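Morning, everyone. Please have the sequence and the model open while I talk. I'll go piece by piece.

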Amino acid sequence: MALLTLNDACLAFGHVALLDHTAFALESSERVGLIGRNGTGKSSLLKIIAGMEKLDDGVVQFQNGVRLAYVAQEPQFADGINVFDAVSLGLGDIRELRDRFEAHQEGDDLDALMTQIEARDGWNWEQRVEQTLQHLDLPPNLMISDLSGGMKKRVALAQALVASPDVLLLDEPTNHLDLNAITWLEELLVAFKGSVLLISHDRAFLDNVCTRIIELDRGILRSYPGNFAAYELLKAGQLADEALANARFDKLLAQEEVWIRKGVEARRTRSTARIKRLDDLRGARAARRDTIGRVKLEVSQGDRGGKIVAELEDVNKRYGDRDIVKNFTGTFLRGDKVGLVGSNGAGKTTLLKIILGELAADSGKVKIGANINVAYFDQMRDNLDLNATLADFISPGSEWIEINGSRKHVMGYLQDFLFSPARANSPVRTLSGGERNRLLLARLFARPSNVLVLDEPTNDLDIDTLDLLEDLLAEYPGTVFLVSHDRRFLDNVVTSTVVSEGGGSWREYEGGVQDWLIQSRRAEALANANAKSSGSSGNNTPPASAAPAPAPAAPVVAAAAPAKARKLSYKEQRELDELPKRIADLETEQASLNAQLADPDIYKKNPQGLPAMQERIGAIDEELLTLLDRWETLGPK
């Protein structure tokens, strides 16, 4: 039986129907991802289910006794409270019941209060809060005002989970979380015994968590079984079928319009039924809600600039007794797409400012390239003037924008970013979070630049806009520095990843997040194999560090030399000579498979072959680890 049901739901703002006589049901133990364009009403739907807003028409029904917990996109807490007090607010009704029982004022039914407290396990609510804090690794005495955005989101989750809800409602839960926290949240939700309904645009997160995808599309909730990858396959086929059906409909309507306009001779013998059918066709065409247009992104490119954007050698930066950047060396060239990955507070912004010459290093050499023109996207939206109109914010004092040598009217430019002319004179404060991000991107791309710095640009952006932003950045001829925790977005854009490895240590890896993780696992496997080898031979030399490290093209693992090197047999020597080519062939095959999977057309042309390709990529990883281990065994000591 469904825990909650939405029937014939209607909701509209102005003339736009956000919910148009639609329905939805959430079953027990489901984890449902709610997706859709910015401004389509996803957050409003979640608030309606949470009881914070009401439908214009229709009903929301709940199973008897169902408990819900809602976590907002931007959690708000009272001033001057600590983590323990904030989390305990999630048990507000239980605390109130016990307080009433202990106060036992005149007129209170103590037996009824005791029954309610026992039913809600309210006698030991303090222990429940402490267990939840321990489970989520939260310090109880820390003040909320001292927490980062990611930690506040974790406190909000704890506040929701402490009440043991049957249904957990989450609005953009991955915003402000770093990669480690997102992985932690994925594991938490998969282990959660209740049902989950969440809004997210993080495609990797949806893949790893959800058992069903619900899309809010033109006022209707459409259900797709499986995770986001399954949704993409089904949606592509559905859109193709819809386009074909619409084309056939439009062709029939055009034929009937030609028929009705024929000469006088034909009009004398017109069929009344056919005329009625034409009226019905016209009405259906007028009522049809076509697919919403896609954002048209174009970056205004500045002067070409030099080949080298920045060159750093043994750079160090400290704040107090803490190393933020330690002995970092790197060269960034024109056209590089660089991702910066690290936990919240690791120093990504500090390193970025040093690279761009905006912050001086304590020591080391920093060389900034010539003619660098930087355009900066700030995740905190500090540059937003909430009182300005959309048109003035994009092009203050002028109705025209110049992009790559061509002039464009500000109204047309706003339409490229899905802002209608009717909204051009509306204040910025009326926009949703995703629309504000889209507006910031519109202004950013209108400014000439040869270096783009994007600090968490994916927060609140819908999936279609993310896809187009990925394509735009891939084709951008300048340099891109991208700070993001969206794994899929990084993998699809960056050519290298600079990763924080703790203690101020940063290391650059070729490729995106998945490439970094593969190289990290490979390095850890080699270190473990080295440690086992050292242990079995009675060697007291400490094992190699298991810190992530890139796999070299011709792997050589350093190990303590034995007393006397064993001479290889002819067969072993031949095997050793062939290892580099076998490793190179496997890496080439893996790169080819990854390139094929990155091509969206493959999901249309050969969906049946996808599982085999993904399985082969996993098998190649295992083969590479085996060959690298063998190289370590046979290679020079």
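Let's begin with helix 5, residues 125–135, where Trp 125, Arg 128, Val 129, Thr 132 and Leu 133 are buried. Look down the axis of helix 5. The buried residues fall within an arc of 130 degrees, so they line one face of the helix. The general rule behind that is simple. An α-helix has 3.6 residues a turn, so residues three or four places apart point the same way.

Which exposed residues sit on the face turned away from the buried side? They are Gln 131, Gln 134 and His 135. Then look just past the end of helix 5. Asp 137 takes a positive phi there, about 60 degrees. And remember that this is a predicted model.

**Strand 6, from both sides**

Next is strand 6, residues 167–171. How many of its five residues are buried? Five of the five are, so strand 6 is largely enclosed by the rest of the structure. Take the two faces in turn. Val 167, Leu 169 and Asp 171 are buried on one side. Leu 168 and Leu 170 are buried on the other. Both faces of strand 6 are covered.

Now the pairing partners. Strand 5, residues 68–71, pairs with strand 6 in the parallel sense, over four bridges. Within that pairing, Val 71 has Leu 170 of strand 6 as its bridge partner. Strand 7, residues 195–199, also runs parallel to strand 6, and five bridges join the two. Here Asp 171 stands opposite Ile 199 of strand 7. How does the chain get from strand 6 to strand 7? It crosses through helix 7, residues 179–191, and this β-α-β crossover is right-handed.

**The loops on either side of strand 6**

Two loop residues deserve a look. Ser 164 lies in the loop between helix 6 and strand 6. Glu 172 is in the loop between strand 6 and helix 7. Ser 164 is not a glycine, yet it has a positive phi of about 50 degrees. Glu 172 is not a glycine either, and its phi is positive, about 50 degrees.

Buried or partly exposed? Ser 164 has a relative accessible area of 40%, and is partly exposed. Glu 172 is at 4% relative accessibility and counts as buried. The cut-off for buried is under 20%.

**Helix 6 against helix 7**

Stay in this region. Two packed helices are described by the angle between their axes and the distance between the axes. For helix 6, residues 149–161, and helix 7, the axes come within 12 Å. They cross at roughly 10 degrees. That makes helix 6 roughly parallel to helix 7, because angles under 35 degrees count as such. The crossing of helix 6 past helix 7 is left-handed.

**Lys 47**

Back towards the start of the chain. Lys 47 is in helix 1, residues 42–49. Lys 47 is partly exposed, at a relative accessible area of 26%. Along the chain, Lys 47 and Asp 171 are 124 residues apart. Their C-alpha atoms are separated by 9.4 Å.

Val 453 stands opposite Phe 481 of strand 18.

That's my tour. Questions, please.

Notes
Residues numbered from 1 in each chain as written. Predicted model: local features only at pLDDT ≥ 70, side-chain atom pairs only at ≥ 80, totals over all residues. Heavy atoms only, no water. Pairing = 2+ DSSP bridges. Buried < 20%, exposed > 50% of the residue type's maximum accessible area, 1.4 Å probe, protein only. Right-handed = clockwise from strand over helix to strand, strands pointing away. Arc of directions from axis to C-beta. Axes fitted to C-alpha atoms, helices over the stretch in contact; angles between N-to-C directions. Parallel < 35°, antiparallel > 145°, perpendicular 65-115°, else oblique. Left-handed = near helix turned anticlockwise from the far one by under 90°.
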